[in-house]
Amino acid sequence: MELMMRKQLRRLLTAAVGAIVATTALIAPASSASAAYPTCNSWTTLRPSSGYVFHIPSLGRNSGNYLCQLELYDGYNGGGAQSAVFVLQGSLNSCHQAGLTQDGKYGPLTRNAVTWIYRSVGLPDPPEGVGVYTQIAMVFAIKWLGQRQVGGETRTTCLHYLAI
């Protein structure tokens, strides 16, 4: 009797999960990746008491507004997105050994680096799309490059946003 109830419960749960997945698949295409957040178009400079200077992509120069995203091919037409991508690529290279050309273009290699970082810390791909840079990546996944001058020498550190 108990075995039969477990099987029925398992079938019920499987059906419920299937219904949720099917509903999500029907609704998800209606939303556009670019509609989730505006494109990051600059960076915000953080200067904590440690003396290090950090630059983080943002919506507007020194706005502290990180509710923006970067996705494949942002920065290819110049403009503010290019400076935001440039800042991101600097941290990806210095703190995550991404080996990117720091050109301000969010191409396939930058997208792949962001995807790898998401997955390496156990985060699911963002709902905006695979490899899309979002505030989730900014806060929980990416380590940011900090630099400071000490006696004519540039010192660097890499910290998660919450540790800055």
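I136, F140 and L162 form a nonpolar patch on the surface of this predicted model, together presenting about 330 Å² of accessible area. Such patches join nonpolar side chains (Val, Leu, Ile, Met, Phe, Trp, Tyr) within 5 Å and like charges within 9 Å, from residues with over 30% relative accessible area and no salt bridge, the latter being a side-chain nitrogen of Lys or Arg within 4 Å of a carboxyl oxygen of Asp or Glu. Because the model is predicted, local features need pLDDT of at least 70 and side-chain atom pairs count only at pLDDT 80 or more, while totals for chains, interfaces and linings use all residues. Residues are numbered from 1 along each chain as its sequence is written, and side-chain values use heavy atoms, with hydrogens and water left out.

**Overall fold and surface**
- The protein has 5 helices and 4 strands, taken as DSSP runs (H or I of at least four residues for helices, E of at least two for strands) numbered from the N terminus.

**Two residues in context**
- I136 lies in helix α5 (residues 135-141) and counts as partly exposed because its relative accessibility is 43%, the scale being buried under 20%, exposed over 50% and partly exposed in between (1.4 Å probe, protein chains only).
- V132, in the loop between α4 (108-120) and α5, is buried, with a relative accessible area of 4%.
- Leaving aside residues up to four places away in sequence, V132 touches Q69, L70, E71, Y106, V114, Y118 and P126, contact meaning heavy atoms within 4.5 Å.

Technical notes. Areas by Shrake-Rupley, 256 points an atom, 1.4 Å probe, with all protein chains shown as cover.
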